[in-house]
Amino acid sequence: MEDDAPVIYGLEFQARALTPQIAETDAIRFLVGTQSLKYDNQIHIIDFDDENNIINKNVLIHEVGEIWHISASPADKGVLATCYNKTSDSKVMTCAAVWRMPKELESGSHESPDDSSSNTQTLELLCHLDNTAHGNMACVVWEPMGDGKKIISLADNHLLLWDLQESSSNAMLSSSAALEGKGQLKFTSGRWSPHHNCTQVATANDTAIRGWDTRSMRQIYYIENAHGQLVRDLDFNPNKQYYLASCGDDCKVKFWDTRNVTEPVKTLEEHSHWVWNVRYNHSHDQLVLSGSSDSRIILSNMVSISSEPFGHLVDDDELSDQEDHHQEEKTKEPLQDSIIATYEEHEDSVYAVEWSSADPWLFASLSYDGRLVINRVPRALKYHILL
């Protein structure tokens, strides 16, 4: 089918940081951050025009260093945060900062800009998340439903909650927590839960996953050996409040119910190398993406643990009698979990996969060689879910 074909975009530099522009719900837009040692790093604003199947890009200069992580404000289209490398006194530190893009680039544009002019734009620094005292930044996460004023950053073994002041030009550290224990304790990643009034955050360090209450900064659950090796990424089910997905260097994707963490609810073992990323679809939470150093992206249909275990995704009154009868047949037994598709357009480690904020059937993936691929959920499955 022609329009299930992937669209590929190549960056000139290596890259591992990708985010959808979350506050933009009309245009399909992703932000990609590069990792170049020699040249100024860049943030590519990728606008996908799905009618014509083409990508338009704008490039912003990120003058301060290689980008390891990027995240977009949930409330302001023009604001984003990056974690980046900075060399001082021959030591490399990973720092974090909040930026604003030029006004004219905030909204998705389908006009392809004149290339000569698009290369000179720079980001405006709003504030540093000053972490020299706390160590290297692993990632920055925004409060999901918030006004874009609350951010959590993970720096070495510290969980830091920041309050962005007026116009985001200053960040106040409002509270923090530290990992206690032996050895080099370091966070690798974290996610802010969209449930419980956004008072819970999950973090990964080494092989463990911890849940935190952001009001008290105390630990509320602890999954000791969540994975056999390093936990790389986490994501909360957007529709089922206690469900959390994790992935790691043991090649597995696991699904947890945080009320009972003795064992996972489900485990996927489809990847053959480290799994860097796991993402729930925002609208249809049975659709789960995972990206791995095996260069593949796997789209799974985790119906049994989704908010729609019987396939009720259509209002009953929309169905005619004949369909109604068919629907009843279908809803008597739960649907089976399955692997829907494996995507193999990448030739290098896939470091990031993200669903579009504007189109629930579309996602982007990024491999280390700078290849960005935009793919769609297979059409047959889309209609199966909708009808």
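Two strands pair if DSSP finds at least two bridges between them; helices (H or I, at least four residues) and strands (E, at least two) are DSSP runs, numbered from the N terminus. The model here is predicted, so to speak of local features takes pLDDT of at least 70, side-chain atom pairs count only at pLDDT 80 or more, and totals for chains, interfaces and linings use all residues. Residues are numbered from 1 along each chain as its sequence is written, and side-chain values use heavy atoms, with hydrogens and water left out.

**Exercise 1.** Work out how strand E19 is paired on the E18 side and on the E20 side.

*Solution.* Start with E18 (residues 231-236): five bridges tie it to E19, antiparallel. Val 231 sits opposite Gly 248 of E19, and the hairpin linking E18 to E19 runs through six residues. Now go to E20 (residues 253-257), again antiparallel to E19, with five bridges. Here Tyr 243 has Asp 257 as its bridge partner. Four residues separate E19 and E20 in their hairpin, and Cys 251 in that turn has a positive phi of about 70°.

**Exercise 2.** Decide whether the residues of E19 are buried or exposed.

*Solution.* Buried means under 20% relative accessible area, exposed over 50%, partly exposed in between (1.4 Å probe, protein chains only). Tyr 243, Ala 245 and Cys 247 point one way, Leu 244, Ser 246 and Gly 248 the other, and all are buried. That's six of the six residues in E19 (residues 243-248), so the strand is largely enclosed by the rest of the structure.

**Exercise 3.** Describe the setting of Gly 33 in strand E3.

*Solution.* E3 covers residues 28-35. Gly 33 counts as buried because its relative accessibility is 0%. Leaving aside neighbours within four places in sequence, its contacts (heavy atoms within 4.5 Å) include Ala 15, Gln 42 and Ile 70.
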